[in-house]
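Have a look at the sequence and the model first, then read on.

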Amino acid sequence: MLQPEQIIYEDNHLLVVNKPAGIVSQGASSEEISLIDKAKHYLKKKYNKPGNVYLGIVSRLDKLTTGVIVMARTSKAAARLSDAFKNRQISKTYQALVERAELPVSHTLTDFLRKNDAARKMEVCKPEAKNAKKAVLHFQLVNQCKSVSHLKINLETGRKHQIRIQLSNYGSPILGDRKYGSCIDLPRSIALHSATLSLQHPTTKEKLTFKAPLPSGWKSWMQ
């Protein structure tokens with residue numbers, strides 16, 4: 001079940017959670033429990049609800065990634081938020097620790113990506129390649145320490161594994177991301193965090209911004 005400290009925001013329409021590393025957002029195998037399963041159990045127990053609990057994930061994070069994730073407690077909220085994501089009316093910022101010092105204060109990365117089914121990961125390709133999709137991200141340097149850089153990241157596009165593959169291709173793999181070139185092992189995680197998410201409430205229309213604190217394990221790398 002979710003722990004109270006993992007709940008960022010909750011009302012009759014939304015449940016916003018600080019996702020821990022090492023758990024899938026949904027669609028878990030029979031050997032593991034997904035975040036949405038844990039959230040449903042939390043709501044069922046807290047409100048003593050009989051039968052099934054409705055909960056829809058309208059944003060997803062990779063299994064190894066941490067941070068803000070939004071769930072809808074009603075189908076109407078789910079539909080409206082899904083439309084807002086599709087129309088890019090919801091803004092998110094990420095933070096990451098990467099294996100490279102001496103990065104510019106700010107920079108924009110533009111690549112073309114496609115899925116490599118055989119390798120089960122994304123890859124950078126030429127613009128004219130089959131199934132190529134443009135990917136654009138902007139980063140700002142927050143801090144440099146040892147051989148690690150701390151970045152704040154904003155996405156223009158929302159491609160699968162976009163931040164991970166683009167930073168790796170730039171020569172700055174995310175700490176712990178062995179899939180995309182990191183030489184460092186982190187326990188069941190990578191140093192990529194969904195730090196803030198801003199949206200318009202699906203029913204009240206109020207502008208809301210949710211923040212998730214950085215994982216405690218980052219502190220040793222940021223000294």
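How many residues sit between β8 and β9 in their hairpin, and which residue in the turn has a positive phi? Keep in mind that this is a predicted model.

## The β8–β9 hairpin

Two residues lie between β8 and β9, and Lys146 in the turn is the one with a positive phi, about 55°. The two strands pair in the antiparallel sense, with eight bridges between β8 (residues 133–145) and β9. To spot one of these pairings, find His138, whose bridge partner in β9 is Asn154.

Strand β9 (residues 148–155) also pairs with β5 (residues 91–98): they run antiparallel and six bridges join them. Here Val98 has Ser149 in β9 as its bridge partner.

## Strand β10 and its neighbours

Now follow β5 over to β10, another antiparallel pairing with six bridges. Lys92 is found opposite Leu197 in β10. Strand β4 (residues 66–72) runs parallel to β10, joined by two bridges, and Gly67 has Ser194 as its bridge partner in β10.

β10 also pairs with β11 (residues 207–211), antiparallel and with five bridges. Their hairpin has six residues between the strands, and Lys205 there takes a positive phi near 70°. So is β10 buried or exposed? It's largely enclosed by the rest of the structure, because seven of its nine residues (192–200) are buried.

## A positive patch

Over on the surface, Arg120, Lys121, Lys160 and Lys179 gather in a patch of positive charge. Arg120 belongs to the loop between β6 and β7, and it counts as exposed because its relative accessibility is 68%.

How values were computed
Residues numbered from 1 in each chain as written. Predicted model: local features only at pLDDT ≥ 70, side-chain atom pairs only at ≥ 80, totals over all residues. Heavy atoms only, no water. Patch = residues over 30% accessible without salt bridge, like charges linked within 9 Å, V, L, I, M, F, W, Y side chains within 5 Å. Areas by Shrake-Rupley, 256 points an atom, 1.4 Å probe, with all protein chains shown as cover. Salt bridge = Lys/Arg side-chain N within 4 Å of Asp/Glu carboxyl O. Lys, Arg positive; Asp, Glu negative; His and termini not counted. Charge placed at Lys NZ, Arg CZ, Asp CG, Glu CD. Helix = DSSP H or I, 4+ residues; strand = E, 2+ residues; numbered from the N terminus. Buried < 20%, exposed > 50% of the residue type's maximum accessible area, 1.4 Å probe, protein only. Pairing = 2+ DSSP bridges.
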